[in-house]
Amino acid sequence: MKYILTSFLLFIICQIGFGQTELCDAVIYWKYEGIIKIYDEPNGLELTSLQNDIENENSAALKIKEIEDNYFYVEISLAMDSMTYNGWIERSEYIGAFMKHEKEYMDLALYSKPNDKLSELIKLKNWKAGFVTIEECNEEWTKVSVDFDGKRITGWIKSEKLCANNYSSCS
């Protein structure tokens, strides 16, 4: 019986420690000067905070592991630092990514659902490429919002088309 309990506890610990998968990568937009508060739970206690170091071009990168209400559970750090933090951050317009291989102006295809065959196409012609805000994500699809012709447009895009890097276009 002792071995069964020990095995069960070890299984539970492994599930807690290794069970979380990464939904998607993201960055804190490099121009964002505000403070990113990291909480122990959604609407919880502040554990610590982080801020982009714009002067030294050291901005935050993160892995979104869980989404709950208006919060992302993340693993976050400044790109040039070794300290990593885990916790909940509030969703915001400054959390997102860039398009891979972007041109200054491009046609951007978004979908109404996370499935290009079963959803309506939202085509933004001659969109000025830039930062896209992440609203939701999973390993295959990411729901983003962008500014286009004075409106905020939201839709789904294949996650592989995004580059979560403030320093490169992931070419």
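How accessible is arginine 152, in relative terms? Select arginine 152 to begin: with 34% relative accessibility, this residue is partly exposed, a class that lies between buried (under 20% relative accessible area) and exposed (over 50%), computed with a 1.4 Å probe on protein chains only.

The model is predicted, so local features need pLDDT of at least 70 and side-chain atom pairs count only at pLDDT 80 or more, while totals for chains, interfaces and linings use all residues. Residues are numbered from 1 along each chain as its sequence is written, and side-chain values use heavy atoms, with hydrogens and water left out.

**First stop: arginine 152 and its partner**

Arginine 152 and aspartate 147 form a salt bridge, with 3.0 Å between the closest N and O atoms; the term requires a side-chain nitrogen of Lys or Arg within 4 Å of a carboxyl oxygen of Asp or Glu. Aspartate 147 is exposed, at 55% relative accessibility. Elsewhere, salt bridges with shared partners link Glu22, Asp25 and Lys63 into one network.

Strands here are DSSP runs (E, at least two residues), numbered from the N terminus, and two of them pair if DSSP finds at least two bridges between them.

Then show strand 10 (residues 131–137), which pairs with strand 11 in the antiparallel sense over four bridges. Strand 10 and strand 11 also form a hairpin, with three residues between them.

The side chains of lysine 143 and glutamate 136 meet in a salt bridge of 3.7 Å, N to O. Lysine 143 is partly exposed at 23% relative accessible area, and glutamate 136 is partly exposed at 31%.

**Last stop: lysine 128 and glutamate 104**

Finally, select lysine 128 and glutamate 104, whose side chains form a salt bridge (3.4 Å, N to O). Lysine 128 belongs to strand 9 (residues 121–128) and glutamate 104 to the loop between strand 7 (95–99) and strand 8 (105–111), so the pair ties together parts 24 residues apart in sequence. Lysine 128 is partly exposed at 47% relative accessibility, whereas glutamate 104 is exposed at 51%. Across the whole structure, the search finds seven salt bridges.
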